[in-house]
Amino acid sequence: MAFSQADLTAVETALARGERVVQYQDRRVEYRSVDELMRVRNQIQHELTRRAGGGYVRFYHAGKGF
């Protein structure tokens, strides 16, 4: 399923309110637990980040560490 920023906002709003029910455009989904809702949020964030071409940040250090 292709997620949108609106889907992420809906999930985050439900989490902030302590609800387990999320309205996505024309459908209503009731999750079994807040934990399941948090997993869905993480999945949506991962999908959006991957689609945007980001997600990995690399830091290189070449020095004496001062």
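The legends below describe close-up views of a predicted model of a single chain.

**Figure 1. Overall arrangement of the chain.** Two helices and two strands make up the secondary structure. Their order along the sequence is α-β-β-α. The chain has 66 residues, of which 23% count as buried. Among contacts with a separation of 6 or more, 41% are between residues 24 or more positions apart.

**Figure 2. Helix α1 and its buried side.** Helix α1 covers residues 5-17, and its end C-alpha atoms are 18 Å apart, which agrees with the 18 Å that 13 residues should span at 1.5 Å a residue. Asp7, Leu8, Val11, Ala14 and Leu15 are the buried residues in α1. These residues lie on the same side of α1, because the arc they cover around the axis is only 130°. An α-helix has 3.6 residues a turn, so residues three or four places apart point the same way. On the face of α1 turned away from the buried side are the exposed residues Ala6, Ala16 and Arg17. The packing partners of the buried residues of α1 are β1 (21-24) and α2 (34-52). Just after the helix comes Gly18, with a positive phi of about 75°.

**Figure 3. Helix α2 and its buried side.** Helix α2 contains 19 residues, and the distance from its first C-alpha to its last is 27 Å, close to the 27 Å expected at 1.5 Å a residue. Glu36, Leu37, Val40, Ile44, Glu47 and Leu48 are buried in this helix. Their arc around the axis is only 110°, which means that they sit on the same side of α2. The buried residues of α2 pack against α1 and β1. Gly53 follows α2 and has a positive phi, near 90°.

**Figure 4. Met38 and Leu15.** Met38 is located in helix α2. Its relative accessible area is 35%, so Met38 counts as partly exposed. Leu15 is one of the buried residues of α1. Along the chain Met38 and Leu15 are 23 residues apart, and their C-alpha atoms are separated by 7.7 Å.

**Figure 5. The salt bridge between Glu30 and Arg20.** Side chains of opposite charge can pair when their charged atoms come close. The structure holds five salt bridges. In one of them, the side chains of Glu30 and Arg20 meet at 3.5 Å, N to O. Glu30 belongs to strand β2 (residues 27-30) and Arg20 to the loop between α1 and β1, so this pair ties together parts ten residues apart in sequence. Arg20 counts as partly exposed because its relative accessibility is 34%.

**Figure 6. The salt bridge between Glu36 and Arg32.** The closest N and O atoms of the salt bridge between Glu36 and Arg32 are 3.4 Å apart. Glu36 has a relative accessible area of 17% and is therefore buried, the cut-off being under 20%. Arg32 has a relative accessibility of 68% and therefore counts as exposed, the cut-off here being over 50%. Glu36 is also one of the residues listed as buried in α2.

**Figure 7. The salt bridge between Arg39 and Asp35.** A salt bridge of 2.5 Å, N to O, joins the side chains of Arg39 and Asp35. Both residues lie in helix α2, with Arg39 and Asp35 four residues apart, about one turn of the helix. Arg39 is partly exposed, because its relative accessible area is 48%. Asp35 is likewise partly exposed, with a relative accessible area of 45%.

**Figure 8. The network of Glu47, Arg50 and Arg51.** Salt bridges link Glu47, Arg50 and Arg51 in a network. Glu47 is part of helix α2. With a relative accessible area of 18%, Glu47 is buried. The side chains of Glu47 and Arg50 are joined by a polar contact of 3.2 Å.

Terms used:
Residues are numbered from 1 along each chain as its sequence is written. This is a predicted model: local features need pLDDT of at least 70, side-chain atom pairs count only at pLDDT 80 or more; totals for chains, interfaces and linings use all residues. Side-chain values use heavy atoms; hydrogens and water are left out. Buried means under 20% relative accessible area, exposed over 50%, partly exposed in between (1.4 Å probe, protein chains only). Contact means heavy atoms within 4.5 Å. The expected span of a helix is 1.5 Å times one less than its number of residues. The arc is that of the directions from the helix axis to the C-beta atoms. A salt bridge is a side-chain nitrogen of Lys or Arg within 4 Å of a carboxyl oxygen of Asp or Glu. A polar contact is a pair of N or O atoms within 3.5 Å; within protein, one must be able to donate a hydrogen and the other to accept it, and residues adjacent in sequence count only if both atoms are side-chain atoms.
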